[in-house]
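Dear colleague,

I am handing over the structure we spoke about, and below it I have set out what was found in it. Please read the notes with the structure open beside them.

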Amino acid sequence: MATTARAATTNGTLTSTHATGTSNGTVPPKITLYTNHRCPFAHRAHIVLAELDLPFEEVIIDLDTPRPQWYLDINPRGKSPIHPFHLIENKANLPSIKYQIPGLMDSPAIITESAIVAQFLADAFPSPLLPSSHEDPLAPLRRARIGFFTDTWNAKLSSFQMSAMKAPASEKQGVVDDWVAAIEKEIEPLLADAGPFFGGSKELTLAEAIVAPFLVRMYAFADDVYIPKSLGEKLDGLPNFGKWSQAVMGKESVMGIWEGEKFKQAFAKKYGGSIVTMK
Ligand SMILES: N[C@@H](CCC(=O)N[C@@H](CS)C(=O)NCC(=O)O)C(=O)O
């Protein structure tokens, strides 16, 4: 189990070190995660690191102020806004990781983009999250299915949360109905063999690590303030999705950094001008 020692939180200051109590006797790579626990994309990296029980250093990047120059220098991405979650234009995104294998690499590598960070870690440290390509003849197929699942989620569902939050109160239920219909059509069939995790896995997979931050936020904001509660009720009623989502949200690796009300209030403060509440 990972342990965390916390120190003062300032923009870009090392705030905590996560260390495992176990060691397999090999020199571990040094991993630094540049993150903010509010960020759903950074949440992906936290889930993978927790599942892998990897030691890492954490640097909290303030989401409410412009990125410090040193972070812009190490993260070349984020020159233009590409997602509704962007808060400050023309500033580097988080998460990123700094990755160093002492004795093997001349200088650390910086890896950016949450899905790439998550897959990189899953590739670097074999686990039930993701089979390696040549683990067995069916492994490439399992990897492709995980990729298709996350691609489907991103392509078909990613716009609904903000649409529902921004819709006038009288239109929110309509957005919820379309959202649930899209999940039933696109995602429900892909979970037919979940057991309880993707593809019949007994353990969390990369499929869940990529989409869980958004799953958590769907349920959390379905509170009759931002989004009708009926969203959660209808999703729980989908046989495959309902069972799967409860299993995912039952995992400590998924819920460990989620501070529900605190993050919801921070979100409301940030997006206050564009979101519409129900009461
Ligand atoms: N495509 C990026 C998106 C990351 C992203 O949008 N992160 C947000 C925080 S949740 C961010 O850093 N936005 C820029 C900003 O706040 O200035 C990824 O998956 O890593």
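**Helix packing, core and loops**

Helices α1 and α3 are roughly parallel to each other, since their axes, fitted for α1 (residues 40-52) and α3 (residues 114-124), cross at roughly 10 degrees and come within 8 Å. On the α1 side the contact is made by Phe-41, Ala-42, Arg-44, Ala-45, Val-48, Leu-49 and Leu-52, and on the α3 side by Ser-114, Ala-115, Val-117, Ala-118, Leu-121 and Ala-122. By class, these residues divide into 11 nonpolar, one polar and one charged. Please bear in mind throughout that this is a predicted model.

As for the chain as a whole, it has 279 residues, of which 34% are buried, and it contains 11 helices and six strands. Of the contacts between residues at least 6 apart in sequence, 68% join residues at least 24 apart.

From α7, the residues Glu-208, Ala-212, Leu-215, Val-216 and Tyr-219 meet Ser-245, Val-248 and Met-249 of α9. This contact has six nonpolar residues, one polar and one charged.

The largest nonpolar core has 63 residues, and those with the most contacts inside it are Val-48, Leu-49, Ala-118, Leu-206 and Ala-209. Helix α7 supplies the largest share of this core, with 10 residues, and the core draws at least three residues from each of domain 1 (3-124) and domain 2 (139-271). Val-48, which also takes part in the contact of α1 with α3, is in contact with Ala-118, Leu-121, Ala-122, Leu-129 and Ala-209, if its neighbours within four places in sequence are left aside.

Several points in the loops deserve a look at the backbone. The peptide bond from Leu-94 to Pro-95 is cis, with omega near 10 degrees, and Pro-95 is found in the loop between α2 (69-74) and β5 (96-100). Another cis peptide bond joins Gly-195 and Pro-196, with omega about -5 degrees, and Pro-196 lies in the loop between α6 and α7.

Gly-199 is also placed in the loop between α6 (169-186) and α7 (206-221), and with 17 other C-beta atoms within 10 Å it is partly exposed. Not counting residues up to four places away in sequence, Gly-199 touches Arg-142, Arg-145, Asp-193 and Thr-205; the C-alpha atoms of Gly-199 and Arg-145, which are 54 residues apart along the chain, are separated by 8.1 Å.

Finally, there are residues other than glycine with a positive phi. For Asp-53 the value is about 55 degrees; Asp-53 is found in the loop between α1 and β4 (56-60) and counts as partly exposed because it has 15 C-beta neighbours inside 10 Å. For Asp-224, phi is near 65 degrees; Asp-224 sits in the loop between α7 and α8 (230-236), and with 13 other C-beta atoms within 10 Å, Asp-224 is likewise partly exposed.

With best wishes

Conventions: Residues numbered from 1 in each chain as written. Predicted model: local features only at pLDDT ≥ 70, side-chain atom pairs only at ≥ 80, totals over all residues. Helix = DSSP H or I, 4+ residues; strand = E, 2+ residues; numbered from the N terminus. Buried ≥ 20, exposed ≤ 12 C-beta atoms within 10 Å, placed from the backbone. Contact = placed C-beta atoms within 7 Å. Nonpolar A, V, L, I, M, F, W, Y, C, P; charged D, E, K, R; others polar. Core = buried A, V, L, I, M, F, W, Y, C linked by C-beta atoms within 7 Å. Domains from an automatic or database assignment. Axes fitted to C-alpha atoms, helices over the stretch in contact; angles between N-to-C directions. Parallel < 35°, antiparallel > 145°, perpendicular 65-115°, else oblique.
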